[in-house]
Amino acid sequence: MHATIRSLAMLAVMAGALVSSWALAHGDVTPQAVDVSSLKPLGDAKRDENPYRGEKEAIRVGTSAYNQNCARCHGLEAISGGIAPDLRKLDIDKETDIYFRDSVLRGKVRNGAVYMPPFEGILSQEAIWAIRSYLDTRHEEEAAPVSPMEALARKSNCLSCHAVDTRGVGPAYREVAKKYAKDKNAEARLLAKVKKGGAGSWGKVPMPPMDTVPEQDLKTLIKWIMAGAN
Ligand code: HEC
Ligand code: HEC
């Protein structure tokens, strides 16, 4: 069951990456309109803070809107299977409200590859804040304690797409270590690849260039990955 959900979500990611006209895609990946008629109208001006936080009706509308539009990648009940970030970890504050709103409106598009489709013009402002209200109810603190290396990987944004043991948008780090275990030049090659981004080693979905991460951090991360990401 779990594996099926995961591979369906993976297909959705692939479709998102490869079909530029996301909104016109068929079947599972079609974004669903959300009925917000039971919620207080918010008008056109973008809010910087969730106006519905804690409201029962918003949470109800948000639960169904989440299941229809987000669960296929971010997981049922917001429990990520490693495909996309675990949205239970988002902090509950104004700064994160703005980050959430803009992530949903703009999607996550890097170098032309769609990792998450933009929802601007598809979801109303009411629907977006209703989903945020639902996610607040699923909030969980970061599973502590994380190792310093895992913290560096998280800070460098690697864990949006990678996990140690399971395949997400990108390969599991243990798979990478295994694949190149006998290759003496692997570390240098992987450093260049991560800086520049690219596809082809694991599939058609490209890794974006990670060149905003300091080179020293990338070297440290790749050594850690090649040593088994323990
Ligand atoms: C096709 C798969 C897909 C769908 C559908 C999708 N997302 Fe995403 N989302 C992703 C991926 C992959 C990332 C990480 C991408 C990156 O950082 O480049 C992401 C990132 C995010 C982030 C940033 C999280 C962080 O920790 O930085 C938020 C917030 C988010 N998504 C919310 C949503 C919401 C809400 C919906 C539904 C309205 C949704 N997403 C639908 C795949 C998806
Ligand atoms: C937006 C998603 C995304 C982010 C963020 C990301 N990666 Fe990747 N990564 C991928 C994908 C997709 C692949 C598979 C590329 C391929 O098939 O060649 C990949 C592949 C890799 C590989 C194996 C490359 C190969 O040629 O075998 C390494 C090592 C790697 N990533 C490390 C990192 C590190 C370190 C970071 C953070 C600094 C990072 N990735 C951030 C998506 C991502």
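## A helix inside the fold

The buried residues of helix 5 are Glu126, Ala127, Ile128, Trp129, Ala130, Ile131, Arg132, Ser133, Tyr134 and Leu135. A residue counts as buried if 20 or more other C-beta atoms lie within 10 Å of its own, as exposed if 12 or fewer do, and as partly exposed in between, with C-beta atoms placed from the backbone. Helices (H or I, at least four residues) and strands (E, at least two) are DSSP runs, numbered from the N terminus.

This is a predicted model, in which local features need pLDDT of at least 70, side-chain atom pairs count only at pLDDT 80 or more, and totals for chains, interfaces and linings use all residues. Residues are numbered from 1 along each chain as its sequence is written, while chains are lettered from A and ligands numbered from 1 in the order in which they are written.

Because 10 of its 13 residues are buried, helix 5 is largely enclosed by the rest of the structure. Its buried residues pack against helix 2 and helix 4, where contact means C-beta atoms, placed from the backbone, within 7 Å.

How do helix 2 and helix 5 cross, and at what angle? The axes of helix 2 (residues 56-69) and helix 5 (residues 125-137) come within 7 Å and cross at roughly 95°. Axes here are lines fitted to C-alpha atoms, for helices over the stretch in contact, with angles from 0 to 180 degrees between N-to-C directions. That makes helix 2 roughly perpendicular to helix 5, a label for angles of 65 to 115 degrees (under 35 is roughly parallel, over 145 roughly antiparallel, and the rest oblique).

## The whole chain

In total, the chain has 9 helices and 2 strands, in the order α-α-α-α-β-β-α-α-α-α-α. Of its 230 residues, 28% are buried.

Alanine 78 and asparagine 157 both have a positive phi without being glycine.

## Around the ligand

Of the 22 residues around ligand 1, Cys70, Cys73, Ala84, Met116 and Ser160 come nearest. A residue is near a molecule or strand if its C-beta atom, placed from the backbone, lies within 6 Å of it.

Key
Two residues are in contact if their C-beta atoms, placed from the backbone, lie within 7 Å.
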